[in-house]
Amino acid sequence: MLAAYAGRNDGAYCRDLGALGLGMVTIGGLSVDDVAKSQTKKMIERGRSEFFVHNHEDYIREQVAIARESEALVAVNIRSATVGGYLDAAAVIAEAGGIVEIDAHCRQDEMTSIGAGQALLYDFSKLQEILWQIKNELGVTTVLKFRGNIVPELAIANAVEGCCDVLHVDAMLKGKDAPDFSVFREIPDDLFLIGNNSVRDTASAQAILEYCDAFSFARIADDHDAVREIVSGV
Ligand SMILES: Cc1cc2nc3c(=O)[nH]c(=O)nc-3n(C[C@H](O)[C@H](O)[C@H](O)COP(=O)(O)O)c2cc1C
C-alpha cells in the first residue's frame, strides 16, 4: 500500500503507483473542514508541503476518479476539526468508490491544536463518534492511521472495535531512527492490520508481514524501481 504523503499523493501520483501493482494507494492527507483548511494554510506558509484546496469535495471526486484508473483500491486520508467534517467528506469518498482513512498520525501543532491528527489518540470519545457515525450512516470501509508507541495500541484497538475495519500503524519509535515492530504484537489478530515504517526493499516489507496483513510505504515511493522490486519480491 502507498501511505499518505501530504502535498505529493494526488490522484495522478496514486494512479502511477497503483499501476506498479500495489493493492491500495492513499490520496492526501487532505483537510476537510474550514478550521483544518486554515491550519493547513499556516503550515504551507511556514514551508511545509501540503494540499490546500478550496472545494475539497470536488477535489476528492476528481482525484479518486483519476487514482481509480489503476487497479488499486483508493483511500483518502482526511483531517478535520469537527466530526461533521469527517462525516461529510466520508460521504463524498464513499460515493466516489474510495476508502476513508482517518489521520490520527499528523503531529504538527496546527493539527493537534484543533483536535485533529495525533490528538485523536487522546480523545477516544471523539474518535469513536467519528468512526461510529461513518459506519452507521455510510457503511464505507474505514482505516485508522496512527503512530505506535504513543498511546497503548491495545487500548486504541479496543476503543475502535466494531466501528473501524483496518488499523494502519506506523512503527517508528520516537527519538530513534529505527522502527519497533513489536508494537504490532499488541494488536488483536481479528483486526486487519497494515504495518508501516522504513520499508525500502523486499526484506523490510517481509519483516512487517511477519506481524501484519499488509505493509505500506511513503518516502520510498518516488523510486519506482525500488517499488517494482518490492512488489515482485513479496
Ligand atoms: C512529508 C510527509 C508527509 C506525510 N503526510 C502524511 C499525511 O498527510 N497523513 C498521514 O497519515 N501520514 C503522513 N505521512 C506519514 C507517512 O504516511 C508514513 O507513515 C511515514 O512516512 C513512515 O513511512 P515510510 O518510512 O515508508 O516513509 C507523511 C510523511 C512524510 C514524510
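Which residue in E3 is the bridge partner of Ile78? Select Ile78 and look across to Ile102, its bridge partner in E3.

Before going on, note that this is a predicted model: local features need pLDDT of at least 70, side-chain atom pairs count only at pLDDT 80 or more, and totals for chains, interfaces and linings use all residues. Residues are numbered from 1 along each chain as its sequence is written.

Stay with E2 and E3, which pair in the parallel sense over four bridges. Strands here are DSSP runs (E, at least two residues), helices likewise (H or I, at least four), numbered from the N terminus; two strands pair if DSSP finds at least two bridges between them. Now follow the chain from E2 through helix H4 (residues 83-95) to E3, a right-handed β-α-β crossover: with the strands pointing away from the viewer, the path from the first strand over the helix to the second runs clockwise.

Next, select E3 (residues 99-104): six of its six residues are buried, so the strand is largely enclosed by the rest of the structure. Buried means that 20 or more other C-beta atoms, placed from the backbone, lie within 10 Å of the residue's own. Ile99, Glu101 and Asp103 lie on one side, with Val100, Ile102 and Ala104 on the other.

Step over to strand E4 (residues 142-147), joined to E3 by five bridges in the parallel sense. Here Lys145 stands opposite Asp103.

Finally, zoom out to the open sheet of seven parallel strands, ordered E1-E2-E3-E4-E5-E6-E7. E1 (24-31) and E7 (214-216) are at the edges with a single partner strand each, so one side of each has no neighbour in the sheet.

Note on methods. A residue is buried if 20 or more other C-beta atoms lie within 10 Å of its own, exposed if 12 or fewer, and partly exposed in between; C-beta atoms are placed from the backbone.
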